[in-house]
Amino acid sequence: MRVAQPIVLKEDVRRKLEQQARGRSIAARVVMRSKIVLLASDGLQNKQIAATLKVAPRMVTLWRGRFLELGIEGLLKDAPRPGRTPSISLQ
């Protein structure tokens, strides 16, 4: 069984995440991502977090990893996508 990498938060980072998790004027996806990281820092595993928040375990894994890699900034933006293929050829 794989165990997710633990998340240890500094006090100021925890405070910022708690603010985002309670925010009413913040995008719902950022609120959910903040809740995921907060629960992960409390020692819960991905499946437990997924069950608590009623999301897919894959989503928890994604945002937990993104936070470990990029910090709070990683939670605020989605990854860039390739975009639509051009309908008119370049030739």
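## Basis of the description

Contact here means heavy atoms within 4.5 Å, and helices are DSSP runs (H or I, at least four residues) numbered from the N terminus. The model is predicted, so that local features need pLDDT of at least 70 and side-chain atom pairs count only at pLDDT 80 or more, while totals for chains, interfaces and linings use all residues. Residues are numbered from 1 along each chain as its sequence is written, and side-chain values use heavy atoms, with hydrogens and water left out.

The buried residues of H2 (buried: under 20% relative accessible area, with a 1.4 Å probe and protein chains only) are Val30, Val31, Arg33, Ser34, Ile36, Val37, Leu38, Leu39, Ala40 and Ser41. With 10 of its 14 residues buried, H2 is therefore largely enclosed by the rest of the structure. The cover over these buried residues includes H1, helix H3 (46-53), helix H4 (57-70) and helix H5 (72-76).

The expected span of a helix is 1.5 Å times one less than its number of residues. For the 14 residues of H2 this gives 20 Å, in agreement with the 20 Å between its end C-alpha atoms. Just after H2, Gly43 adopts a positive phi of about 100 degrees.

## Packing of H1 against H2

Two packed helices are described by the angle between their axes and the distance between the axes. Axes are lines fitted to C-alpha atoms, for helices over the stretch in contact, and angles run from 0 to 180 degrees between N-to-C directions. Helix H1 (residues 11-22) and helix H2 (residues 28-41) pack at about 135 degrees, and their axes are 8 Å apart. The two helices are therefore oblique to each other, given that angles under 35 degrees count as roughly parallel, over 145 as roughly antiparallel, 65 to 115 as roughly perpendicular and the rest as oblique.

From H1, the contact is made by Arg14, Leu17, Glu18, Gln20 and Ala21; from H2, by Val30, Val31, Ser34, Lys35, Val37, Leu38 and Ser41. These residues divide into 6 nonpolar, 3 polar and 3 charged, where Ala, Val, Leu, Ile, Met, Phe, Trp, Tyr, Cys and Pro count as nonpolar, Asp, Glu, Lys and Arg as charged, and the others, Gly among them, as polar.

## Packing of H2 against H4

H2 and H4 pack at an angle of about 80 degrees, with 9 Å between their axes. H2 is thus roughly perpendicular to H4. Met32, Arg33, Ile36, Val37 and Ala40 of H2 meet Met59, Val60, Trp63, Arg64 and Phe67 of H4. By class, this contact has 8 nonpolar, no polar and 2 charged residues.

## Arg33 and Asp78

Arg33 lies in helix H2 and is buried, with a relative accessible area of 4%. Not counting residues up to four places away in sequence, Arg33 touches Trp63, Leu75, Leu76, Lys77 and Asp78.

Asp78 is placed in the segment after H5. Leaving aside neighbours within four places in sequence, Asp78 contacts Arg29, Arg33, Trp63 and Arg66. The C-alpha atoms of Asp78 and Val31, 47 residues apart along the chain, are separated by 14 Å.

## Lys54

Lys54 is placed in the loop between H3 and H4 and is exposed, with a relative accessible area of 73%. Although it is not a glycine, Lys54 has a positive phi of about 60 degrees. Most residues other than glycine have a negative phi.

Notes
Buried means under 20% relative accessible area, exposed over 50%, partly exposed in between (1.4 Å probe, protein chains only).
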